[in-house]
Amino acid sequence: MKKTFFAFVVIILMGSAAAFAGGTSEAPKGAVDQLVVGVAEAWTATDVQYWLAVECFQQLGLVYNGLLDYDATMQFVPGLAEKWEISKDNLVYTFSLRKGVKWHNGRELVSSDVKFSLERMLGWIPPKKEGLWRAMLGDVKSVDAPDKYTVKVTLNKPYAPFLHGVTSSWNAVICPENFTAEGRIKDNEIIGTGPYKFVKLVMDDYFKVERNDEYFAGKALVKTVTFKQIPDATVRVNALKAGDIQLMLNPKPEDFLKYKESPEKKYFLGEIPKSTVWAYSFNLNVHKEPFGNKKVRQAIAHAIDVNEYISIIASGVAKESTNIWADGNFWHSDVPRLNYDVTVAKKLLAEAGYPNGFETEIHTVDFVNLSKNAEILQSQLGKIGIKAEIKKPDFAQWAKEEGNSEFIIHTQCWNYTDDPTQHYGISLESGCVYPSWYGGGWVTPEIDKLLAQAKSIPDMKKRKQLYEQVNKILVDEAVVIQLYTTPALYGIAGNLKNMEWNVRGDFIHSLNKGIMSLSYK
Amino acid sequence: MGRYIFKRILSTIPVLFLVSVLVFLFLHLIPGDPIRILVGVRGTPEQIAQLKQQFHLDKPLPVQYILWIRNALRGDLGISIRSNVPVTKLILSRMPVTASLATFSMLFALIISVSAGVVASAKRNTVFDFIVMVFANLGVSIPQFLMGILLILFFALTLSLLPSIGYTSFFESPVGYFRYITLPSLALGVSIAASLTRVTRSHMIEVLGKDYIKTARSKGVRESKVIMKHALKNALLPVVTLAGMFYASTLGGTIIIEEIFALPGIGRLALQSISNRDYPVVQGVVLFVAVINVSFNLVIDILYRFLNPKIELK
């Protein structure tokens, strides 16, 4: 009886081992059949024109195209439009579409599709709700489709970022058949023109796409891509090490340092050069005392030692910056910060009438590095006599209080942005959509003038100079004190090659271009 | 008997009513705004107002409750604020994952605990008994997340035998299904097995000391028959009760295990919905879990009544 039992157990164990061992096999050479990418963020919706988490845009970037595209040096190159012209008065943009581009449902892309797409973003057609990035299009007068392959957009006044607006991943061209008469996206259907076709989305689990063999710019090398949601960064790294995923985004900096690029290994973690994922800052509410006083704000800026944040929180894997773009990005400017000097900070506080400091609150949340930034700020403010209490509601409450400017010192972060208008245009300009970002609704005529000017000049270099001036004022006013930017980190299986990252630092764009060109070593 | 079952079903109604009121109240008492999360930091006041109206969040709380409970009684748990998908559909889509996890972890736990508990009680105060108890105490003490990580390190990273994360449906790939569900089921099953082993052992020891067991032994009945037929049958009643309770609570979702193994189950749905203040989903999940627990208790009570007709409803 005993022998029979043991024989049974041995057979079961051997059988299980044989069945389970099927998961590990020798890597095939050449083209990648299936790529599984580990991502952190959950899907919030499927409509590309409304609120989506950043990683959802990354994934949808494989399904959609913009009218134009960027090259690695931020120059515009053809996308769905093969040519474009700008009228002399910078008011009329005429796009000539590529002929023969097919939607994933087989129909040819025509100018009325682009018209539909732009008008929906502008809120002119059902659901008659402006898209999230509508501001990127400027003051549009009309969108016309004079013939099958021509789209003409007329503006009421010149708007320099317009071309960025139609190039950005956030403003992809969408297919009219994909939406109901009420303007809602249909369930389980995402139709684009991109290199990959939508296969399946299981909320909070995975998003799967397969190669579009008729893609106008040439077939991608990877056949299917599955984005698997794995919220925990350590679990994602473990899954990469175990071979369950071949690519992962956003590992912890400490894991990045531990498994830094080492091609002979089965896996390695890398950094996308010159990239920005998050830009961290402190936002001082000028409507709450004593932050209406510029000397108090400057005192706080002088009390901040940015190196502490970079070394303690980001394990050194971050870059100091006084703006939201990392060094190396086109829009980055080297405006020096108010230097770290406790003596100067104390002197300024005394001049402002607070020789013994004061009590205040830091508003933060357990999201990315925000609460850790708050803890270091608390200790640094203590050195100049400011007693700061940390207020840490959960995310939902934090978002609500942030929206209503219910904060004194606010810890904040900003995702990578293609064009400065995307940032300043919705957070700093007079009458902007969301006025609480800078100082709980702080505007100055000087900055307003500079921003208006920067929006109307097509020349990128001249625009950059104007934004640099804005940046100088912002550093001096110390309403928002920028700290550091974190780069895009990734992990990849050691048997993959050709992950070519785009140097301009757009994580979404880089990831998509990189995925398309992946192959086995 | 019919009267007993009827009375017992009636007694579940106030429980479910109370659960529905409490979850609704507590959820709305927690600060936070689901619409603000949905529209993000760039949402306009008009968008916020429109969405609040769409989800009835602009109405007074009692009205919101009545609307929700009225629809819930018809089987409609509402629409998720975050994903715009019906809550019932969301729960049903997650159920196979959680049910698989609960079932396999319970199967594993029962096989291990009943065999180890029975042998340990039969060989009481021997080295084997000591080892079983040490492992049982370890199993109870080691947190589930640690057990999960240890299993991943050993089976996925060191041996490359099983995947560390993920899930696939049985109908898509039967082998894949078992490969994915094994490690999380083991991680969850170890702690359940540890508790059940201790209960099995103690009740077996108690039963083995009873007079009818002594009588059986004195009559010359084989020891294996005494244990399996006479003792185990009677000692299993509390084990089955406890196992049923474990099973019901696991069916309600196991957040930590589902997070570690990236399983799209009920626990993860609940966690994400709470942090997003997705009221309809949280309410729906809690009500669903309550119904499962109440139903399991009802079934167990009815089974008890079958097994022991002396039990009365008081």
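Colleague: With which residue does A:Lys115 form a salt bridge?
Modeller: In this predicted model, the closest N and O atoms of the pair are 2.9 Å apart. Both residues belong to helix α3 (residues 111–121) of chain A, 4 residues apart, about one turn of the helix. The partner of A:Lys115 is A:Glu119.

Colleague: Is A:Glu119 buried or exposed?
Modeller: The relative accessible area of A:Glu119 is 13%. Because buried means under 20% relative accessible area, A:Glu119 counts as buried.

Colleague: What is the N to O distance in the salt bridge of A:Arg211 and A:Asp213?
Modeller: A:Arg211 is buried, with a relative accessible area of 18%, while A:Asp213 is partly exposed at 48%. Their side chains meet in a salt bridge, and the N to O distance is 2.9 Å.

Colleague: How many residues apart in sequence are the parts that A:Lys383 and A:Glu308 tie together?
Modeller: The side chains of A:Lys383 and A:Glu308 meet in a salt bridge at 3.8 Å, N to O. A:Lys383 lies in the loop between α10 (370–382) and β16 (387–391) of chain A, and A:Glu308 in helix α8 (residues 306–313) of chain A, so the parts tied together are 75 residues apart in sequence.

Colleague: Which residues of chain B are in contact with A:Lys228?
Modeller: A:Lys228 is found in strand β10 (residues 224–229) of chain A and is buried, with a relative accessible area of 7%. Leaving aside neighbours within four places in sequence, its contacts include A:Asp205 and A:Tyr206. From chain B, the contacts of A:Lys228 are B:Ile165, B:Gly166, B:Tyr167 and B:Ala262.

Key: Residues are numbered from 1 along each chain as its sequence is written. Chains are lettered from A and ligands numbered from 1 in the order in which they are written. This is a predicted model: local features need pLDDT of at least 70, side-chain atom pairs count only at pLDDT 80 or more; totals for chains, interfaces and linings use all residues. Side-chain values use heavy atoms; hydrogens and water are left out. Helices (H or I, at least four residues) and strands (E, at least two) are DSSP runs, numbered from the N terminus. Buried means under 20% relative accessible area, exposed over 50%, partly exposed in between (1.4 Å probe, protein chains only). Contact means heavy atoms within 4.5 Å. A salt bridge is a side-chain nitrogen of Lys or Arg within 4 Å of a carboxyl oxygen of Asp or Glu.
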